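Reader: I have a structure open and want to learn how to read it. Could you take me through some features?

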Amino acid sequence: MSSKSEERLEDPRQILGRRGEELAVALVEASGWLVAERNYNLGGGEVDIVAERPGEVIFVEVRSVATDYLATPALTVDRRKQQFVIRGARRYLLERKRENWRVRFDIVAVTFCGEEAALEWLVDAFQPAPSGRQSQYQW
């Protein structure tokens with residue numbers, strides 16, 4: 001963990017983001033999921049949280065903002081970021097031999113007001129493009 005002097009040198013957005021991720025992890029774990037990966041590195045980016053329970057895996061993008069921000073933080077997960085997370089999910093599923101598991105893509109939006117935080121968990125926030133087969137998605 002970083003010291004207080006190191007935190008003062010960090011970008012305030014990074015500090016806010018890290019605090020938001022900690023809260024999101026606690027929320028996911030409290031809901032019965034086992035966090036398998038945090039900041040799952042994809043070379044050029046990462047998936048914030050990967051969590052599992054038997055036969056299921058969720059990929060969670062966490063977005064944190066201060067209350068003076070005009071929109072919900074979930075709106076900042078654009079199509080480009082969604083595609084990046086989906087590509088990361090494909091890699092994860094192959095590496096962990098979980099291709100047949102149920103997959104979900106969620107967003108946890110964290111809005112801070114001073115030390116207080118409001119969390120919004122958007123379940124099935126986005127999905128991969130359909131592959132043409134009924135209810136099957138491109139993996």
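Author: We will go through ring pairs, the nonpolar core and a pocket. This is a predicted model: local features need pLDDT of at least 70, side-chain atom pairs count only at pLDDT 80 or more, and totals for chains, interfaces and linings use all residues. Residues are numbered from 1 along each chain as its sequence is written, and side-chain values use heavy atoms, with hydrogens and water left out.

Reader: How many aromatic pairs does the structure hold?

Author: Rings of Phe, Tyr and Trp (its six-membered ring) pair if their centres lie within 6.5 Å; planes under 30 degrees apart are stacked, over 60 edge-to-face, the rest tilted. Here there are four aromatic pairs. Take Phe59 and Tyr92: their ring centres are 5.6 Å apart and their planes stand at 85 degrees, so this pair is edge-to-face. Phe59 lies in strand E3 and Tyr92 in helix H3 (residues 79-95), so the pair ties together parts 33 residues apart in sequence. Helices (H or I, at least four residues) and strands (E, at least two) are DSSP runs, numbered from the N terminus.

Reader: What about the rings of Phe59 and Phe105?

Author: Their centres are 5.7 Å apart and their planes at 25 degrees, so that pair is stacked. It links Phe59 in E3 with Phe105 in strand E4 (residues 102-113), 46 residues apart. Ring pairs join Tyr40, Phe59, Tyr92, Phe105 and Phe126 into a cluster.

Reader: Is Phe59 buried or exposed?

Author: Buried means under 20% relative accessible area, exposed over 50%, partly exposed in between (1.4 Å probe, protein chains only). Phe59 has 0% relative accessibility, so it is buried. Phe105, at 2%, is buried too.

Reader: Which residues touch the most other members of the largest nonpolar core?

Author: In soluble globular proteins, nonpolar side chains tend to be buried together. A nonpolar core is a set of buried Ala, Val, Leu, Ile, Met, Phe, Trp, Tyr and Cys residues joined through side-chain atoms within 4.5 Å. The largest one has 19 residues, and Val47, Val50, Val57, Phe59, Phe105 and Phe126 touch the most other members. H3 gives the largest share of this core, six residues.

Reader: Where does the largest share of the lining of the largest pocket come from?

Author: A pocket is an open set of points on a 1 Å grid where a 1.4 Å probe fits, with protein on both sides within 12 Å along at least five of seven lines; lining residues have an atom within 4 Å of a point. The largest share, five residues, comes from E3.
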